[in-house]
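Notebook open, model loaded. I want to go through confidence, charged pairs and ring pairs, in that order.

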Amino acid sequence: MDNENGMNIPVNEGFPDENKPSENNENGREPDEKREAEQKSPSDGGFGQRGSYQNDPYQGNPYQGNPYQGSPYQGNPYQGNPYQGSPYQGNPYQNNPYQNNGSPWNGYYGSPYQPPAKKPSLLKRATDFFVQDKYLELSVSAIGVGLALVLQRFFDFLFGTVIGLVPALSKLYFGNYLFQDLVGMIYSLVCVGLPFVLALIFLKKASDIEIPFGRPVKKSGLIFLIPAGMGIFYVGNLVSNYLVTLLSSVGIELYSYETAMSMGSDLPKNIFEFIIMATGTALIPALVEEFAFRGVMMQSLRRYGDWFAIIMSAVFFGLLHGNLMQIPFAIVAGIALGYVAVVTNSIWVAVILHFMNNFLSLIYSFVGEMLTDGKAMAFSALFTYGIIFLGAVALAGYAYLNPRFMRLYPSERKDVKPLKCAGVYFVSPAVVVFLIAILSAVVQDIKL
């Protein structure tokens, strides 16, 4: 403001007059709260004391707490724009099927023309087929069981070679039934039992296979299963006899190794010899073969359906016998044995049925040897058809007590077919080797 002399004198500039009345209240004094706030405020104009900047209107500038500081544009929705993770980022054209299909357009930008990809080889396609998850456990079973069957044929070859090359041993083997039975026990345990014990060890590490060694769980109609199974056995025996007769009528004679084994044998002279013969020809084979086929093989296939497992194990059980005189009978018997083991969930019922079949065959042979030709034929017909009749009656009784007796546990995998599963099993390398060995044995038994 100007004084009387016309000079411009600043008022309260730099040194404010504390006694000058303020316009803040009626008494000319600032409110106590405001004064205390100013005294405590660190904003003193940068001079370390209250100066002219103390009441600077810019000290509490509205831009200091600018609403744009926390503006919605700071967290702009475009920052996390949906186009950032847009489907165009992983453009479907990036993996375009035309990129590597050998099309001439693929070499448009200066690259040479790429010829069409070669068709995969049969071996590559077969490998890709087997490694599918749905056939993985089936392939594992085929490997384990197939190797066991190949090892069985190898041991069978060694036994036959040793007996055939040593004349004294061959004469003793074919002329002494007690020695023959002792060798038969060793053969069953070593040639059949040992390979399938190794297969079981392999399959236990690769899958969750369990052999049912417990008591039968199905009591209803159990008493009918044994005679019904025996009747089915003798039906299979008739089928084999008719096949042999049919082939003989066209000039094809079948030769059985088991028949040659019994040539020259004598009947047991006492109960001790009879027990040895029954053990070697009836008990040991029943235990070992049921362990191998209704135990190891069938249990490893039940995940693909009980009927599939029963039939597959029966087919390989028949093929194991290695001659056309026994293969049809053994397949039919194997189906009955497999069914009994499945419905009772116990391998012991199948062992009993198998033993009874072998034991009755032994009795049948003894009686036939003691009778004349005419009486032997009459006894054979009465014995065979009598067991078939009793078996039919027992089967009818079992069916009456179990109306749905043909319904068994289906496959756990609904995306596979039984025939395709069988194809996967039969073309497994180890199984193929076994089939070639069996075919060779069958051809050798045919005499034209």
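**Charged pairs and rings**

I started at Lys 204, which counts as partly exposed because its relative accessibility is 43% (buried is under 20% relative accessible area, exposed over 50%, partly exposed in between, with a 1.4 Å probe and protein chains only). Before going on, I noted that this is a predicted model, where local features need pLDDT of at least 70, side-chain atom pairs count only at pLDDT 80 or more, and totals for chains, interfaces and linings use all residues. Residues are numbered from 1 along each chain as its sequence is written, and side-chain values use heavy atoms, with hydrogens and water left out.

*Confidence.* I looked up pLDDT (the predictor's confidence in each residue, from 0 to 100): the protein's mean is 78, and 67% of its residues reach 70 or more.

*Salt bridges.* I used the rule of a Lys or Arg side-chain nitrogen within 4 Å of a carboxyl oxygen of Asp or Glu, and the count is 5. Lys 204 pairs with Glu 210, with closest N and O atoms 3.7 Å apart; Glu 210 is exposed, at 55% relative accessibility. Glu 290 and Arg 294 meet at 2.8 Å, N to O. Both lie in helix α8 (residues 271-301), 4 residues apart, about one turn of the helix, and both are buried. I also found Arg 294 over the face of Phe 317, 4.5 Å from the ring centre (the rule: NZ of Lys or CZ of Arg within 6 Å of the centre and within 35 degrees of the ring normal).

*Rings.* How many aromatic pairs does the structure hold? I get 20, pairing rings of Phe, Tyr and Trp (its six-membered ring) with centres within 6.5 Å; planes under 30 degrees apart are stacked, over 60 edge-to-face, the rest tilted. Phe 213 and Trp 348 have centres 6.0 Å apart and planes at 45°, so I logged them as tilted. Phe 213 is in the loop between α5 (177-206) and α6 (222-249) and Trp 348 in helix α11 (residues 347-370), so the pair ties together parts 135 residues apart in sequence. Tyr 364 and Phe 379 are stacked, because their planes are at 20°, with centres 5.8 Å apart. Both also belong to one aromatic cluster with Tyr 234 and Phe 383.

Definitions and conventions: Helices (H or I, at least four residues) and strands (E, at least two) are DSSP runs, numbered from the N terminus.
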